[in-house]
Amino acid sequence: MDGSEDSSAPSFPSKQQQDTLLPHKSLAAECGGPITMTTLMDHMQGYGVYTTEYLQTNYKEAQGWFLFVSWAADLRNTFFVFFPLWFHLKESVGTKLIWVAVIGDWLNLVFKWILFGERPYWWVHETSYFGDSKPHIEQYPMTCETGPGSPSGHAMGAAGVYYAMVTAILAITLSKKKKRSSTKGMYLRGALWTFFWVVQVCVCLSRVFIAAHFPHQVFAGVFTGMAVAEAFNRVQWIYSASMKKYFGVTLFLTSFAVGFYVLLKAVGVDLLWTLEKAQTHCVNPAWVHMDSTPFASLLRNMGTLFGLGLGLHSPLRTETKKSGGATYRAGCVIASLLLLHLFDSIKPPTHTAALFYLLSFCKSATVPLATVSIIPYCVSSLMNMSKKQL
C-alpha cells in the first residue's frame, strides 16, 4: 500500500502495483499471444493471492472470527451437532443432512482429483507469476490442508447443509396446513435466505483469508453444494432405504474412489501430489494433519453413511420407534450432544496410516449409530424405569 494513505482505511493495490505484480498480463499484451488456460488460471490465482493479502492486511483484527467460521463450517459439526438436533426433532431432515453432507463431500473429493486445484499457501511460493515481487501471506493452524483446492470442501459442505436446513424449515413452516399469510411467509423466506447468504459469504471470506483457497474455488464450492442439496430435495428413496441399500451405496462409493485412484496411479498420475506441497510449504509442520488427507475424508464419510444405515435398522431402533413426547426428544438431543462431544475428543493414533483410516471409519460409523439407536434406547429405558418407580 502507498505509505501516504491512511493505514487504517482499507485500500486496494494501485494500478502501478498491479502492473508490477502481474508481469504475464503485460507480456501477453506486448507479444499479442493467445491467452492459454495456464495463463488464465495464473491470472485468477494471482488476483486470489491479492485478495488474501488484502484481507489479511486490512482485516487482521477479524482473524479470530475468520478462524471460528472455518472451524464452524467443517462437516464435523454437521455430524456432531446439526444431525443429532434435527434427527430427534424431525427424522427425515436429519437423514437428509447426512446424505447431503456425505455425497457432497464425496463429489468434492472426486472433483478435486479431476481439477488438480492449487492452494494459495503453497502456490505463491512456487509460481513465477509475480516475478521478484511476491506478496506476503500469513498462514494459520487451519491453512495447511493437504488435498487439492478446487472446489472448496468447506464452502461446498456449508452451502449444501445450510441449503438443506433452510429449505426444510420453509417446507415445515409454510406448508398448507399451517395456513400462514403470504406476508409472513415472505418475511420468513427473506430472513432465512438472508441468513443463508450471510453464512456463505462468511465461509468464503474465511477460507480466502486463511489462504486455504482462491476465490474462484469457494464460489464453485457454494454453487455445487447448493446443487447437491437441491437434488436431494427431490429424492425420496433415502427415507426408506434398506440396510442392503446403505451397504451397497457405501461399497460403491468407496470402490469407485479407490478404483479411480488406482487407475490414475497406474497411468502415472499421482493423486496425492499435494501432500508433499503441504509438508514443504506449511510454516508449521504440526499444522499438517492426517485427517485432512483425501482418504481420511473418504473413509470418514463412508463410515458415517454406513453407521446411519446400521442405526436406522438396529433392533434397538425398532424398540424405541414408538417413543415420543417433548421430554423424550429433549433428553435424546441433550444426551447426544454431550456424549458425542466427549466422543469427538478421542483422536485415532496417527503413527500408522492404515490404522488411522480404519479407526476413523469406525469412529465415524459410531456417531450416527449412537445418535439413532443407542442413545434413544438408553433414554427410553431410563424414562420407563422412572415411570415404574413412580
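Which loop holds Ala-211? Ala-211 sits in the loop between α9 and α10 (215-233).

## Model and confidence

The model is predicted. The mean pLDDT of the protein is 88, and 89% of its residues reach 70 or more. Confidence is highest in α10, at 97, and lowest in helix α2 (residues 23-31), where the mean is 43.

Over residues 1-32 the pLDDT stays under 50. For this stretch the model has 35 contacts beyond four places in sequence.

## Loop residues with positive phi

Ala-211, a residue other than glycine, has a positive phi, near 65°. Its relative accessible area is 0%, so Ala-211 is buried.

Phe-116 also has a positive phi, of about 55°, although it is not a glycine. Phe-116 is placed in the loop between α6 (91-115) and α7. Because its relative accessibility is 34%, Phe-116 counts as partly exposed.

Ser-150 and Pro-151 are joined by a cis peptide bond, with omega about -5°. Pro-151 belongs to the loop between α7 (120-126) and α8.

Both Ser-150 and Pro-151 are in contact with Gln-217. Gln-217 is part of helix α10. With a relative accessible area of 0%, Gln-217 is buried.

## Helix α10

Helix α10 has 19 residues. From its first C-alpha to its last it reaches 28 Å, close to the 27 Å expected at 1.5 Å a residue.

The buried residues of α10 are Pro-215, His-216, Gln-217, Val-218, Gly-221, Val-222, Gly-225, Met-226, Val-228, Ala-229 and Phe-232. An α-helix has 3.6 residues a turn, so residues three or four places apart point the same way. What covers the buried residues of α10 includes α3 (37-58), α6, α8 and α9.

## Packing of α8 against α9

Two of the helices that cover α10, α8 and α9, are also in contact with each other. The axes of helix α8 (residues 153-173) and helix α9 (residues 182-209) come within 10 Å and cross at roughly 170°. Angles over 145 degrees count as roughly antiparallel, and the crossing therefore makes α8 roughly antiparallel to α9.

On the α8 side, the contact is made by His-154, Ala-155, Ala-158, Ala-159, Tyr-162, Tyr-163, Val-166, Thr-167, Ile-169, Leu-170 and Thr-173. On the α9 side, Leu-188, Arg-189, Leu-192, Trp-193, Phe-195, Phe-196, Val-199, Gln-200, Val-203 and Arg-207 take part. By class, the contact of α8 with α9 has 15 nonpolar, four polar and two charged residues.

## Ala-72 and Ala-158

The C-alpha atoms of Ala-72 and Ala-158 are separated by 9.0 Å, while the two residues are 86 residues apart along the chain.

Ala-72 is found in helix α4 (residues 63-72). Its relative accessible area is 27%, so Ala-72 is partly exposed.

Note on methods:
Residues are numbered from 1 along each chain as its sequence is written. This is a predicted model: local features need pLDDT of at least 70, side-chain atom pairs count only at pLDDT 80 or more; totals for chains, interfaces and linings use all residues. Side-chain values use heavy atoms; hydrogens and water are left out. Axes are lines fitted to C-alpha atoms, for helices over the stretch in contact, and angles run from 0 to 180 degrees between N-to-C directions. Helices (H or I, at least four residues) and strands (E, at least two) are DSSP runs, numbered from the N terminus. Angles under 35 degrees count as roughly parallel, over 145 as roughly antiparallel, 65 to 115 as roughly perpendicular and the rest as oblique. Contact means heavy atoms within 4.5 Å. Ala, Val, Leu, Ile, Met, Phe, Trp, Tyr, Cys and Pro count as nonpolar, Asp, Glu, Lys and Arg as charged, and the others, Gly among them, as polar. Buried means under 20% relative accessible area, exposed over 50%, partly exposed in between (1.4 Å probe, protein chains only). pLDDT is the predictor's confidence in each residue, from 0 to 100. The expected span of a helix is 1.5 Å times one less than its number of residues.
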